[in-house]
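Dear colleague,

Please find below the structure that I am handing over to you. I would be grateful if you could look through it before reading my notes.

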Amino acid sequence: MEFGITMFPTDLSIGPIELARACYLWNTVAHVTRTAARGAAMVDITDPDALEGVSRAAMFGQGWVPLAQELTAQHIRYRFLRDDGVEIAGICPIENARNCAANPRGADCIRMVEARLCDPEGDGCAPVPYSTLVPISAFPPGTFNFPSFATVAPAGSLGRNPNTP
């Protein structure tokens with residue numbers, strides 16, 4: 001009986017803290033995908049280490065989101081899009097510059113880069129579940145998944161060196 005009486009006020013005090021953390025993470029993850037999309041538009045997309053570096057930098061240089069170590073750089077997925085929004089495979093930055101100069105709306109011209117939050121364990125882009133810090137019985141918003149926070153940025157140099165022919 002006494003345990004139940006002490007747990008009820010504890011749930012009431014932890015609930016608002018957890019709700020504030022959920023709101024913080026919602027805003028932070030949106031910022032992370034925005035930063036990752038802008039960064040990926042400027043690095044060589046054929047280099048997985050460069051994209052991993054962009055993901056780590058977008059997560060404040062740590063490789064994970066503060067207050068949510070379970071959200072790591074592996075949760076950021078990239079897609080490279082044509083002008084009409086159709087995904088195409090990453091191609092050499094120099095080749096992409098030539099393709100876009102020849103036909104900006106062509107089938108082999110990367111015009112946009114998309115970064116989004118996905119569960120690294122799932123196929124495609126499965127949603128990432130929110131996990132509480134403390135297992136509480138009645139978390140105010142209940143159980144929810146983060147949206148993908150898909151952010152699209154215009155393709156920049158994609159790592160092309162302007163001094164390279």
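The notes below describe the overall build of the chain and then its cysteines.

Please bear in mind that this is a predicted model. The protein chain contains three helices and eight strands. Read from the N terminus, these elements follow the order α-α-β-β-β-β-α-β-β-β-β. The chain has 165 residues, of which 35% count as buried. Its accessible surface comes to about 9100 Å², and carbon and sulfur atoms contribute 59% of that area. Among contacts with a separation of 6 or more, 68% are between residues 24 or more positions apart.

The chain holds two disulfides. Counting the bonded cysteines along the chain, they pair in the pattern 1-2, 3-4.

One of the disulfides links C100 to C109, with an S to S distance of 1.9 Å. Both of these cysteines are buried. The link between C100 and C109 is right-handed, with 110° about the S-S bond.

The other bond joins C118 and C125, whose sulfur atoms also lie 1.9 Å apart. Here the angle about the S-S bond is -90°, and the link of C118 and C125 is left-handed.

C23 is partly exposed, with a relative accessible area of 45%. C92 is also partly exposed, its relative accessible area being 35%.

Yours sincerely

How values were computed
Residues are numbered from 1 along each chain as its sequence is written. This is a predicted model: local features need pLDDT of at least 70, side-chain atom pairs count only at pLDDT 80 or more; totals for chains, interfaces and linings use all residues. Side-chain values use heavy atoms; hydrogens and water are left out. Helices (H or I, at least four residues) and strands (E, at least two) are DSSP runs, numbered from the N terminus. Buried means under 20% relative accessible area, exposed over 50%, partly exposed in between (1.4 Å probe, protein chains only). Contact means heavy atoms within 4.5 Å. Accessible areas come from the Shrake-Rupley method with a 1.4 Å probe; for residues, only the protein chains shown count as cover. A disulfide is a pair of cysteine sulfur atoms within 2.5 Å.
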